[in-house]
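Notebook open, model on screen. I want to jot down what I looked up, one topic at a time.

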Amino acid sequence: MYELYWSADTGAFAVQAVLEELGQAYERVVVDTREGRHREPGYTKLNPMQQVPSLRLPDGTVITESAAMVLHLCDAHPERGLLPAPGTTERAVAYRWLFWLATGLYETDLRYYYPERYTADPAGAPAVKQAAHERLDRLVAMAAELLGAGPWVLGERFSAVDIYLFMLVLWHPARAAIFERHPGLGEHARRLRARPAVDRIWALNFPAGRSVWSTWTGSSAS
Ligand SMILES: N[C@@H](CCC(=O)N[C@@H](CS)C(=O)NCC(=O)O)C(=O)O
């Protein structure tokens, strides 16, 4: 069985959603980042970057990096077709998106939410945050452009990349404005939110009153 080292409001959401979509059994091991549990020695042995998520595979191997987990899970359970077959052009497009999202959008989110880590001058943190916000806007606009009419990232085919994109768009500090500015992304998000796999784990990942993403209006106007 898989073990997902998990905390609310983190990249564990994408991995958990993929496990749910794949119908795989897994155990959720809570590593509450708000309580600093990801910095405790037992966990940092598994994830030296002191980040959540981590994933223990059925053979006991632990891997880090959410995009790697998503890729591996889809490869290990290809019958659900959550990614196109390796070697195909569609798969190349999926790789392109996933790597771009993981290294571009996700990393920019980290600069936005932890700006003090990206400057040696504490007074510079607000400027780092502001620059990250502007970059998030640019990258999200690119994602909207690339998505086009969709309905999914790969056109007619739903894939794990849609889950990853959805998560990162949710993390945008001005999500409602983003949906307003890019209606295609809003539609995409609504389609994702409506998936049973996402619905099952929504309240857990975005607990009401605790997460800035907990309020889901589903309306492009809010
Ligand atoms: N590249 C990593 C990034 C993981 C990451 O930064 N996780 C955040 C939550 S979304 C985290 O653990 N934050 C706590 C911290 O950095 O102190 C991945 O994709 O798994």
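First, a term I need throughout: a residue is buried under 20% relative accessible area, exposed over 50%, and partly exposed in between (1.4 Å probe, protein chains only). Next, some ground rules: this is a predicted model, so I remind myself that local features need pLDDT of at least 70, side-chain atom pairs count only at pLDDT 80 or more, and totals for chains, interfaces and linings use all residues. Residues are numbered from 1 along each chain as its sequence is written, and side-chain values use heavy atoms, with hydrogens and water left out.

**Entry 1: the two domains**

I looked up how the protein is divided, and found domain 1 (2-80) and domain 2 (89-194). The bounds come from an automatic or database domain assignment. Their contact takes 16 residues from domain 1 and 15 residues from domain 2, where contact means heavy atoms within 4.5 Å. I also noted 20 Å between the two domain centres, taken over C-alpha atoms.

How much area do domain 1 and domain 2 bury between them? I wrote down about 1100 Å², with 74% of it on carbon and sulfur atoms. Buried area here is the accessible area (1.4 Å probe) that two parts lose on being put together, summed over both. On the domain 1 side, Phe 13, Ala 67 and Leu 71 supply 34% of the area buried against domain 2, more than any other three residues.

Then I went after charged pairs. A salt bridge is a side-chain nitrogen of Lys or Arg within 4 Å of a carboxyl oxygen of Asp or Glu. Between domain 1 and domain 2 I found a count of 1 salt bridge. I also looked for polar contacts (a pair of N or O atoms within 3.5 Å; within protein, one must be able to donate a hydrogen and the other to accept it, and residues adjacent in sequence count only if both atoms are side-chain atoms). The rule finds 3 residue pairs in polar contact across this interface, both residues at pLDDT 80 or more.

Which elements give two or more residues to the side of domain 1 that touches domain 2? They are α1 (12-22) and α3 (66-76). α3 gives the most, with 6 residues. For the names, helices (H or I, at least four residues) and strands (E, at least two) are DSSP runs, numbered from the N terminus.

**Entry 2: more salt bridges**

By the salt-bridge rule, I get a count of 11. I picked out a few.

- Arg 37 pairs with Glu 35, their closest N and O atoms being 3.2 Å apart. Arg 37 counts as partly exposed because its relative accessibility is 36%, while Glu 35 counts as exposed at 52%.
- Asp 75 and Arg 91 meet through their side chains at 2.7 Å, N to O. Asp 75 lies in helix α3 and Arg 91 in helix α4 (residues 89-113), so this pair ties together parts that are 16 residues apart in sequence. Asp 75 is partly exposed at 38%, whereas Arg 91 is buried at 2%.
- Glu 187 forms a salt bridge with Arg 190, with the closest N and O atoms 3.0 Å apart. Both sit in helix α8 (residues 183-193), 3 residues apart, or about one turn of the helix. Glu 187 is partly exposed at 39%, and Arg 190 is partly exposed at 21%.

I also noticed that Glu 35, Arg 37 and Glu 40 are linked in a network of salt bridges.

**Entry 3: inside the protein**

Now for the nonpolar core, meaning a set of buried Ala, Val, Leu, Ile, Met, Phe, Trp, Tyr and Cys residues joined through side-chain atoms within 4.5 Å. The largest one has 69 residues, and Val 18, Leu 101 and Tyr 164 have the most contacts inside it. This core draws at least three residues from each of domain 1 and domain 2.

I zoomed in on Leu 101. Apart from neighbours within four places in sequence, Leu 101 is in contact with Tyr 106, Val 161, Tyr 164, Leu 165 and Leu 168.

Leu 168 got my next look, in helix α6. Is Leu 168 buried or exposed? Leu 168 is buried, at 1% relative accessible area. Beyond four places in sequence, Leu 168 touches Leu 101, Leu 105, Tyr 106 and Asp 109. Leu 168 and Tyr 106 are 62 residues apart in sequence, yet 6.6 Å apart in space, C-alpha to C-alpha.

Last stop: Ser 159, in the loop between α5 (125-147) and α6 (160-170). Ser 159 is buried too, with a relative accessible area of 0%. Not counting residues up to four places away, Ser 159 touches Leu 82, Leu 83 and Leu 154.
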